[in-house]
Amino acid sequence: MIKVEIDKGSGFCFGVVNAIKSAEKELDSKEILYCLGDIVHNSLEVARLKELGLHTIDHEQFRFLKDKKVLLRAHGEPPSTYLTAEKNNITIIDATCPVVLRLQQKIHKCYQETRHNQTQLVIYGKKGHAEVNGLVGQTDGNAIVIEKTEDLDRLDFDRDIALFSQTTKPLDGFQDIMEAIQKRISGKVNFHFYDTICRQVANRLPNVKAFASRHDWIYFVAGEKSSNGRMLFEECKKANPHTVFISDAQEITELLPDGVETVGVCGATSTPTWLMEKVAMRIKELNS
């Protein structure tokens, strides 16, 4: 009999839980509720909330919306979004994650205090990611987004640098960027770095690797759009080569190989618990 275990450390982070609870609370009132962008990078959870009445819109649609109620997801938004809402009489339900909100405030304060000496504000993050767009907005679009050490050629190492990080990036990646800047920066200028990575997310990495190593086979469950999911999956696969990425239980169509006795089910910060439970049931049904 195959034993299936769901990782208790996987699933929605606090920020996502808060955003979804905010949406469900508003939807209970039966008023029309819009969400600016996918509330979470998981298409099945987005579809579930759509069934409850949540309308997902993009920034272009938001610009022309008037007199409506709009939820801002955990990723946060730039100041321009709030200005548009005020102009168009839009009621904002702000579900920005508190960790992201504190980071936005920190970057904005740093920008205001250093703009006079042209300090380069650098954000270690994924270009175009919703959170990163919100962070760059705190600097009037002047922050420089760095995804990898090769991008550092864009910096002027004879000018002051202040380094921040997207909250969901890996700690070792931030360390690599920080050390690379330290090696190249002029001794005549200042370099300040701020570890702004969310520990609830960062701690997922060692936890999921330990979980993966305890099982013969792993199904890692996440949405295709989830950058956090892709990162955790790659690390999970390093810990256990028998790790398979899936987004839905129906993707499991074959029996497990002979010799597999324990199967682990884990996922990203954007993976709902109900979906991991559905995957576990599918595994048991196919291999009973």
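This is a predicted model: local features need pLDDT of at least 70, side-chain atom pairs count only at pLDDT 80 or more; totals for chains, interfaces and linings use all residues.
Which residues are buried in helix 6?

**Entry 1: helix 6**

I looked up helix 6, residues 130-137, and found it mostly covered, with 7 of its 8 residues buried. The buried ones are Ala130, Glu131, Val132, Gly134, Leu135, Val136 and Gly137.

I checked one pair in detail. Strand 8 (residues 161-165) runs parallel to strand 9 and is joined to strand 9 by 3 bridges. Leucine 163 has phenylalanine 193 in strand 9 as its bridge partner.

**Entry 2: aspartate 151**

Is aspartate 151 buried or exposed? I located aspartate 151 in the loop between strand 7 and strand 8. Its relative accessibility is 9%, so aspartate 151 counts as buried, the cut-off being under 20%. I left aside the neighbours within four places in sequence, and the contacts of aspartate 151 are then with Lys127 and Ile146.

**Entry 3: the sheet with strand 1**

I turned to another open sheet, with 4 strands in the order 1-12-10-11 and parallel pairing. Strand 1 (3-6) and strand 11 (243-246) stand at the edges; each has a single partner strand, so one side of each has no neighbour in the sheet. Neighbouring strands are turned by 20 degrees against each other on average, direction ignored.

Strand 1 pairs with strand 12 (residues 262-267) in the parallel sense, over 4 bridges. In this pair I found isoleucine 6 opposite valine 265 of strand 12. Helix 10 packs on the sheet and touches strand 10 (217-221), strand 11 and strand 12. The direction of helix 10 makes about 165 degrees with that of strand 11. Helix 11 (residues 273-286) lies across strand 1, strand 10, strand 11 and strand 12, and runs at about 160 degrees to strand 12.

**Entry 4: helix 9 and helix 10**

At what angle do helix 9 and helix 10 pack? I read about 40 degrees for helix 9 (residues 204-213) and helix 10 (residues 227-239), with the axes 8 Å apart. That angle makes helix 9 oblique to helix 10. The crossing is right-handed.

From helix 9, Arg204, Leu205, Val208, Lys209, Ala212 and Ser213 take part in the contact. They meet Met231, Leu232, Glu235, Cys236 and Ala239 of helix 10. By class I recorded 7 nonpolar, 1 polar and 3 charged residues in this contact.

**Entry 5: helix 1 and helix 2**

The axes of helix 1 (residues 14-27) and helix 2 (residues 43-51) come within 11 Å and cross at roughly 15 degrees. The two helices are therefore roughly parallel to each other, since angles under 35 degrees count as such. Helix 1 passes helix 2 in a right-handed crossing. Ile20, Glu24 and Leu27 of helix 1 make the contact with Glu45, Arg48 and Leu49 of helix 2. I recorded 3 nonpolar, no polar and 3 charged residues there.

How values were computed. Residues are numbered from 1 along each chain as its sequence is written. Side-chain values use heavy atoms; hydrogens and water are left out. Buried means under 20% relative accessible area, exposed over 50%, partly exposed in between (1.4 Å probe, protein chains only). Two strands pair if DSSP finds at least two bridges between them. Axes are lines fitted to C-alpha atoms, for helices over the stretch in contact, and angles run from 0 to 180 degrees between N-to-C directions. Angles under 35 degrees count as roughly parallel, over 145 as roughly antiparallel, 65 to 115 as roughly perpendicular and the rest as oblique. A crossing is left-handed if the near helix is turned anticlockwise from the far one by less than a right angle, and right-handed if clockwise. Contact means heavy atoms within 4.5 Å. Ala, Val, Leu, Ile, Met, Phe, Trp, Tyr, Cys and Pro count as nonpolar, Asp, Glu, Lys and Arg as charged, and the others, Gly among them, as polar.
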